Amino acid sequence: MKAGFVRGRTALLGSALMVAGLGSLGLAGPAWAAGPQADADGFVTDRAFEKHLQEQLLDAKAGDVITIPAGKYRLSRGLGLTASGVTIKGAGKDQTVLSFAGMVAGPVGLLVTGNNFVVSDLTVQDTKGDGIKINGTKGVTFRNVRVRWTDPDNSTHGAYGIYPVGCTDVLIEDSEVFGSSDAGIYVGQSDNIIVRRNRAELNVAGIEIENSTHADVYENVATRNTGGILVFNMPNLPKPGHSTRIHNNVSEANNTPNFAAKGTAVSIVPKGTGMIVLANDDVEIFDNDIRNNDTMGIAIASDFSTDYKIEAGAPGEHDPYPDRVLIAGNRISGGGNAPDAERFPAAPVIRAAGQSTNVVWDGYTRAPADDNGICLASGPDKLIRLDPKSPGKFAVIDGKSCDGFKRQPPVVIR
Amino acid sequence: MSKFLRFALWSLVASVLGFAVLTHHSSAAGSREDFPAKLSQWKLIQRAGDRLAAAPSGVTYELATPLFTDYALKWRVLFIPNGQKAAYNPDRAFDLPVGTVIAKTFYYPVAPVDHTGESADVLKARPSDYQDGVGGLRLAHVRLMETRLLVHRAGGWVALPYVWDEDQRDATLERVGDAIPLTMVDGTERKDFVYVVPNANDCANCHAPNFTTGEINHIEPIGIKARHLNRDFPGKFGTINQLTRLQRLGYLSGAPAVASAPRNVDWHDERLPVDARARSYLDINCSHCHSPVGAARTTGLWFDQGHEHGADWASPRRIGVCKQIVAGGHGGGGLPFDVAPGEPEKSILLYRLRSNVPGTMMPEIGRSLVHAEGIALVRSWIERMEGQCRLASEQ
């Protein structure tokens, strides 16, 4: 009876995959009879492996290191971890590859709510929803992790690759994300954050810090995204963001057409944008290399340049203006040559007037004389300030001394 | 040894085990070696002739509006240790004593011609046709799927999914869950789907109510709240209010008169106002995540009807009215607002309830089918809502 029971369940799982539209394996013959076999892409569907991994996650306790061996595995369900103090470690991001292309339940590849979590040395790919989501924990480390989507149709890709939200003490380093339809590396509503030495490529937004506080983003490469590095503050969320440092990054050739889902925050990002500050405060952008972004190098924008409806006294008292933004010492070159006229119609006008689109501000202020504390340091670049009242008009503001700008200390994670 | 004594012993064993394990680690999920492999070993619910019956101390209960789980029917029994009481709370789950076990058995009606347990064809029906709170669950023409136990140990609650064996005599602990293909038969319509049994970590997705206090993995019951229990249901003392029954049985302290206790309504009762029905439906189906402190607190979209979080719970924006998408990805379907009054086709809420694609569908787990009747209610609620939302570019 017991043997029959087990076989029945395994066969049922095969049927479950068939229902999900992955029937080739099931139609070829019962998978349990032949043992795990690699598919055309080299991925193995191995129920015993998946069950063992799930059991390890269920049984994990503080101090445990769950090692996932080298191999390409196709998993049927998203993984979850609730215990604190656990490390998940693969054999290397080229060696341990977990594919969720056939997941029947999810939608996240790996969802973690335990504190002091470390994930390293593995690849998660082709999840229906987000890649690796960490919700509400204190102490998160991503190291040498890859998240990617491989379907040539990028409209099918999940939203976020590396996705800590509502977390404290977040370290993301030496990792890479390819192909997310929203932000590759996305840190939302979190505090005390370091994002360093990562690569973000072919996403809509390469790296995005949203409604977060005290973030240090440095030595990353963002390339071939729609927009390279974004610092956003969105309305109607419980936590407003401020205090971000973006420095010593390369943001290059982020000219991929925007493929975000309509209506999402990043769907407004013009292709060819190196960096954007949207309605966020106390942002320092310095010593970055920003090259060959076809629309503009750095954009500073208020909610008034989005399709977000602005309402005074809305819940959370959302502030639609970017305040106290420092731009200093960046090397911005080769940009603005093929602007996204649909999403940023001002670019051709600026170019036609003989100005570069290295640093552009939408110009919305609380009062006409305000400068929102935006400071462009002396150097080769000028600040192009658009006139909100007169489309097509703008002012050219020379760089100046920003010595009075109150600088933030580097983020430290203990 | 009487059934009751055996139950009490089991409660004690469970408490001791709980204490022993939780001194080692704080995972919400039980470990392999801790718990009986078979449901029958708990001596809480077992087959008795043509019924599934509860130990005498069990109190069968029903929620004002239940969570939708692929049209599965649910038989719920609460076991509170003798001589102990739950402490009433107007908003949160009652404070239940250590040793409490909640057993929720998921089952489907099957056609009379089918041999019970073998049929993959399952039917839509109302739970009252199979269980009425007295004498247990009638098993003729029923396929038992799983029994989920929530066990309150000294260190906290533990969730244990037991999947019913093919012969339907007993259920086996399946901590990694299961996926069982079924066909929903509704008149002449047939719809294949995969019934997904959650694994023990999945349980925390819904049962971990608070992400803001550093106790993320502290899981709790969902249904044992005043507003869900405040209704009449047959059982001991006849068909009476369930809060009253728990008090008369000596299992509940601190409760006010039922008239002044919060009350959700039966989403299915068409005599009641649509707003109350829809809010009750959204509360039980969404608010375990969508509350100011839950897993989806970061969305700013909150459906809980408890009042513990202050006045903001009633703000139209907090239930999605004219609220624009932030982090929904493709889940937004390109639509502008979570809830657009009078315009259900512009409302992301309806779009996500109608989907069964992971990444778009809501809730994220716990269903493979779309709840047509629930969607009709939410649609009607949005249609009748007053006001209008416009994008900045439309103004």
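Two strands pair if DSSP finds at least two bridges between them. Every view below comes from a predicted model.

**Figure 1. A three-stranded open sheet in chain B.** The strands of this open sheet follow the order E1-E2-E8, and their pairing is antiparallel. Strand E1 (45-48) and strand E8 (137-138) of chain B are the edge strands. Each of these pairs on one side only. Four bridges connect E1(B) with strand E2 (residues 51-54) of chain B. Look for Ile45(B): opposite it, in E2(B), stands Ala54(B).

Figure 2. Strand E12 (residues 178-186) and strand E13 (residues 189-197) of chain B run antiparallel. Nine bridges join them. One of the bridge pairs links Met184(B) to Lys191(B) in E13(B). Two residues sit between the strands of this hairpin. Gly187(B), in the turn, has a positive phi of about 65 degrees.

**Figure 3. Where chain B touches chain A.** On one side are 59 residues of chain B; they are in contact with 65 residues of chain A. The size of an interface is often given as the accessible area lost when the parts come together. Here the buried area is about 5,200 Å², and carbon and sulfur atoms give 52% of it. Within chain B, the residues that lose the most area to chain A are Val176(B), Val326(B) and His330(B). Together they make up 13% of what that side buries. Between the two chains, 10 residue pairs are in polar contact. Strand E10 (156-164), E12, E13 and helix H2 (200-207) of chain B each give two or more residues to the side that touches chain A. H2(B) gives the most, with five residues.

**Figure 4. Salt bridges across the chains.** Side chains of opposite charge can pair when their charged atoms come close. Chain B and chain A share two salt bridges. In one, the side chain of Asp202(B) meets that of Arg77(A), at 3.1 Å from N to O. Arg175(B) also forms a salt bridge, with Asp59(A). The closest N and O atoms of that pair are 2.4 Å apart. Arg175(B) lies in the loop between strand E11 (171-173) and E12 of chain B, while Asp59(A) belongs to helix H4 (residues 47-59) of chain A. Are Arg175(B) and Asp59(A) buried or exposed? Both are buried.

**Figure 5. Salt bridges within a chain.** Over all chains, the structure holds 39 salt bridges. In chain A, Asp319(A) pairs with Arg366(A), with the closest N and O atoms 3.1 Å apart. Asp319(A) is partly exposed, at 22% relative accessibility. Arg366(A) is partly exposed too, at 46%. In chain B, the side chains of Glu345(B) and Arg379(B) meet at 2.5 Å, N to O. Glu345(B) is in the loop between H5 and H6 and Arg379(B) is in helix H7, so this pair ties together parts 34 residues apart in sequence. Glu345(B) has a relative accessible area of 45% and is partly exposed. Arg379(B), at 24%, is also partly exposed. Salt bridges with shared partners join Arg143(A), Glu173(A), Asp174(A), Arg196(A) and Arg197(A) into one network.

**Figure 6. Nonpolar cores.** In soluble globular proteins, nonpolar side chains tend to be buried together. The largest nonpolar core here has 62 residues. Those with the most contacts inside it are Leu81(A), Ile88(A), Phe142(A), Val195(A) and Ile298(A). Beyond its sequence neighbours within four places, Leu81(A) is in contact with several residues, including Leu57(A), Ile88(A), Phe117(A) and Asn201(B). A second, separate core has 41 residues, among them Phe303(B) and Trp381(B).

**Figure 7. Backbone details in the loops.** A cis peptide bond joins Met362(B) and Pro363(B), with omega about -5 degrees. Pro363(B) is in the loop between H6 and helix H7 (372-384) of chain B. Asn116(A) is not a glycine, but its phi is positive, about 50 degrees. Asn116(A) sits in the loop between strand E6 (105-112) and strand E7 (117-125) of chain A.

Key:
Residues are numbered from 1 along each chain as its sequence is written. Chains are lettered from A and ligands numbered from 1 in the order in which they are written. This is a predicted model: local features need pLDDT of at least 70, side-chain atom pairs count only at pLDDT 80 or more; totals for chains, interfaces and linings use all residues. Side-chain values use heavy atoms; hydrogens and water are left out. A nonpolar core is a set of buried Ala, Val, Leu, Ile, Met, Phe, Trp, Tyr and Cys residues joined through side-chain atoms within 4.5 Å. Buried means under 20% relative accessible area, exposed over 50%, partly exposed in between (1.4 Å probe, protein chains only). Contact means heavy atoms within 4.5 Å. Buried area is the accessible area (1.4 Å probe) that two parts lose on being put together, summed over both. A salt bridge is a side-chain nitrogen of Lys or Arg within 4 Å of a carboxyl oxygen of Asp or Glu. A polar contact is a pair of N or O atoms within 3.5 Å; within protein, one must be able to donate a hydrogen and the other to accept it, and residues adjacent in sequence count only if both atoms are side-chain atoms.
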